[in-house]
Amino acid sequence: ETGTKLIQESIRDELIPPVNREGFPSLTVAICTKDRPNNLARCLHSLLKIQRCQSPFEILVVDNAPSDSRTKELVASLTGVCYTLEPKPGLDFARNRAIQDATGEILAFLDDDVVVDRKWLEGLIEAWAENPDAGAFTGLVLAYELETKAQILFEERGGFRRGFDKIRYAKILADNPLYPCGAGIFGAGCNMAFRREILLELGGFDEALDTGAPLPGGGDLDIFYRVVRAGYPLVYEPQYLVFHQHRREYEKLRRQYWTWGLGFMAFVVKSYQNDPERRSQLRSLVVWWIKDQLEQLKDSLLGRHALP
């Protein structure tokens with residue numbers, strides 16, 4: 001399936017000169033975390049390799065309502081990593097803390113359970129150089145490991161993948177009548193970047209989302225949608241790549257899909273209330289989603305689906 005793409009990329013590497021890094025804005029990479037120092041250490045070490053070898057940038061760890069001091073102690077043991085505390089529990093509280101404390105013009109967010117590819121920074125620089133007017137950037141997310149049934153099932157259902165082609169999302173997307181309401185097409189919150197001034201202009205992330213039960217998600221979908229609706233292009237760059245450690249346990253995978261559904265519908269309801277111009281599309285999106293879920297249920301009952 002990837003053979004043609006590999007040939008295209010080889011030809012592209014020969015024909016197109018390396019991206020000029022001059023003029024790339026200052027960068028802060030924020031990792032919002034809670035009580036997972038082992039995952040965080042792995043993520044930080046992958047970032048520090050790039051920081052030492054390629055280009056200086058700020059690394060900011062946002063410790064979200066921690067139950068102990070392990071994260072703070074880990075950061076203190078590493079050179080080149082900054083620490084800040086967000087006492088209110090909730091991912092979007094932590095993300096907004098990063099917006100306030102970051103010094104970079106570009107603010108990249110990573111989840112603590114990812115490892116960045118060695119070309120990760122080059123991918124972001126290339127996306128910026130090709131799209132200097134973009135307000136947000138997302139990248140490819142591949143599996144860190146495929147060791148358990150749950151991890152393999154997640155990949156068989158598509159995982160976080162959005163493909164290996166560069167995509168520039170603007171105000172209109174041809175042949176997609178639901179655009180931009182189906183915000184899941186834009187990318188994943190575990191690997192995203194924004195112009196910090198635009199996040200400030202939009203008021204940051206919605207702190208009502210990503211707070212745990214009953215609203216365990218939707219913050220990334222919401223901010224992608226708001227960036228595009230505000231008139232800023234959003235760019236997907238596959239070279240801006242991370243490897244994500246998927247849920248190893250089947251029950252945790254079930255929980256993930258459940259929370260994605262809740263977060264998605266929370267985003268839809270909020271957008272329906274706040275964006276009257278798109279209400280017709282949002283209604284159509286809900287109808288499409290229900291039909292899609294019923295079709296998947298039928299396939300599952302007939303044994304034709306990845307998930308039983």
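How many of the seven residues of strand 2 (residues 58-64) are buried? In this predicted model, the answer is seven of the seven, so strand 2 is largely enclosed by the rest of the structure. The side chains of the strand can be sorted by direction. Glu58, Leu60, Val62 and Asn64 point one way, while Ile59, Val61 and Asp63 point the other way, and all of these residues are buried. Both faces of strand 2 are therefore covered, because every one of its seven residues counts as buried.

Strand 2 has a partner. Strand 1 (residues 27-33) is joined to strand 2 by six bridges, and the two strands run parallel.

Leu234 is 172 residues away from Val62 in sequence, and the two C-alpha atoms are 25 Å apart in space. Leu234 belongs to strand 9. With a relative accessible area of 0%, Leu234 is buried. Leaving aside residues up to four places away in sequence, Leu234 touches Ala136, Thr138, Ile167, Arg168, Tyr169, Phe186, Phe224 and Val228.

Helix 1 gives the most, with six residues. The pocket has a volume of about 830 Å³. Its lining consists of 27 residues, and those nearest the centre are Glu9, Arg12, Asp13, Glu126 and Gln239. Sorted by class, the lining has 13 charged, eleven nonpolar and three polar residues.

The last topic is the cysteines. How many disulfides does a search of the whole structure find? The search finds zero. Cys43 and Cys190 show why. A disulfide needs two cysteine sulfur atoms within 2.5 Å. The closest cysteine sulfur to that of Cys43 is in Cys190, and it lies 10 Å away, too far for a bond. Seen from Cys190, the closest cysteine sulfur is in Cys43, again at 10 Å and too far for a bond. Both residues are hidden from the surface by the cut-off for buried, which is under 20% relative accessible area. Cys43 is buried at 0% relative accessibility, and Cys190 is buried with a relative accessible area of 4%.

Technical notes: Residues are numbered from 1 along each chain as its sequence is written. This is a predicted model: local features need pLDDT of at least 70, side-chain atom pairs count only at pLDDT 80 or more; totals for chains, interfaces and linings use all residues. Side-chain values use heavy atoms; hydrogens and water are left out. On a 1 Å grid over the protein atoms alone, a cavity is a set of points where a 1.4 Å probe fits but cannot get out, and a pocket is an open set with protein on both sides within 12 Å along at least five of seven lines; lining residues have an atom within 4 Å of a point. Grid points are joined across faces, edges and corners, and a volume is the space filled by probe spheres set on the points. Helices (H or I, at least four residues) and strands (E, at least two) are DSSP runs, numbered from the N terminus. Ala, Val, Leu, Ile, Met, Phe, Trp, Tyr, Cys and Pro count as nonpolar, Asp, Glu, Lys and Arg as charged, and the others, Gly among them, as polar. Buried means under 20% relative accessible area, exposed over 50%, partly exposed in between (1.4 Å probe, protein chains only). Contact means heavy atoms within 4.5 Å. Two strands pair if DSSP finds at least two bridges between them.
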